[in-house]
Amino acid sequence: MLYLYKINLNFIIMEDEPVFRIRTYRKKELAHLYCPDITERCAIRTLTHWIKLNKELYAALLHTGYTPRARTFVPKQVSIIVRYLDEP
């Protein structure tokens, strides 16, 4: 739902949806944000598959110490993922 407020002839739009923040995420948490309609296990597989398919993304993550078996993404890795896959 969108709310519209008029303040000194300027319009401010406020949305009900939460704002995505760059922070440390568990892999299953971030995967579920990208794939909310499937199980966590399938979401993790899907996100991992997307990362491996995108060679530039995969290489950038490897430079940060990423391994496919890692259970968390640090903020730097999350920002790289968002740069290539857009916000969930």
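1. A residue is called buried when its relative accessible area is under 20%, and a salt bridge is a side-chain nitrogen of Lys or Arg within 4 Å of a carboxyl oxygen of Asp or Glu. With these terms in hand, consider Lys27 in this predicted model: Lys27 is buried but has no salt bridge, and the nearest side chain of opposite charge, that of Glu40, lies 13 Å away.

2. What does Lys27 touch, if residues up to four places away in sequence are not counted? Its contacts are Ile44, Thr48, Tyr66, Pro68, Ala70, Arg71, Thr72 and Phe73. Lys27 itself belongs to helix α1, which runs over residues 27-34.

3. Helix α1 has as its buried residues Lys27, Leu30, Ala31 and Tyr34. They sit on the same side of α1, because the arc they cover around the axis is only 100 degrees. As background for this pattern, an α-helix has 3.6 residues a turn, so residues three or four places apart point the same way. The buried residues of α1 pack against β3 (25-26), α2, β4 (72-73) and α4.

4. The largest nonpolar core holds 18 residues, and those that touch the most other members are Leu30, Ile51, Phe73 and Ile81. Two or more residues come from each of the elements α1, α2 (40-53), α3 (55-62) and α4 (75-85), and α4 gives the most, with 4 residues. In general, nonpolar side chains in soluble globular proteins tend to be buried together.

5. Ile51 deserves a separate look. Once its neighbours within four places in sequence are left aside, Ile51 is in contact with Leu57, Tyr58, Leu61, Tyr66, Phe73 and Ile81.

6. How many aromatic pairs does the model contain? The count comes to 4. One of them joins Phe20 and Tyr25, whose rings are stacked, with 5.4 Å from centre to centre and 5 degrees between the planes; Phe20 and Tyr25 are both buried.

7. Tyr34 and Trp50 form an aromatic pair that is edge-to-face, with 6.4 Å from centre to centre and 90 degrees between the planes. Since Tyr34 lies in helix α1 and Trp50 in helix α2, the pair ties together parts that are 16 residues apart in sequence. Are the two residues buried or partly exposed? Tyr34 is buried, because its relative accessible area is 14%, whereas Trp50, at 33% relative accessibility, counts as partly exposed.

Key
Residues are numbered from 1 along each chain as its sequence is written. This is a predicted model: local features need pLDDT of at least 70, side-chain atom pairs count only at pLDDT 80 or more; totals for chains, interfaces and linings use all residues. Side-chain values use heavy atoms; hydrogens and water are left out. Buried means under 20% relative accessible area, exposed over 50%, partly exposed in between (1.4 Å probe, protein chains only). Lys and Arg count as positive and Asp and Glu as negative; His and the chain ends are not counted. Contact means heavy atoms within 4.5 Å. A nonpolar core is a set of buried Ala, Val, Leu, Ile, Met, Phe, Trp, Tyr and Cys residues joined through side-chain atoms within 4.5 Å. The arc is that of the directions from the helix axis to the C-beta atoms. Rings of Phe, Tyr and Trp (its six-membered ring) pair if their centres lie within 6.5 Å; planes under 30 degrees apart count as stacked, over 60 as edge-to-face and the rest as tilted.
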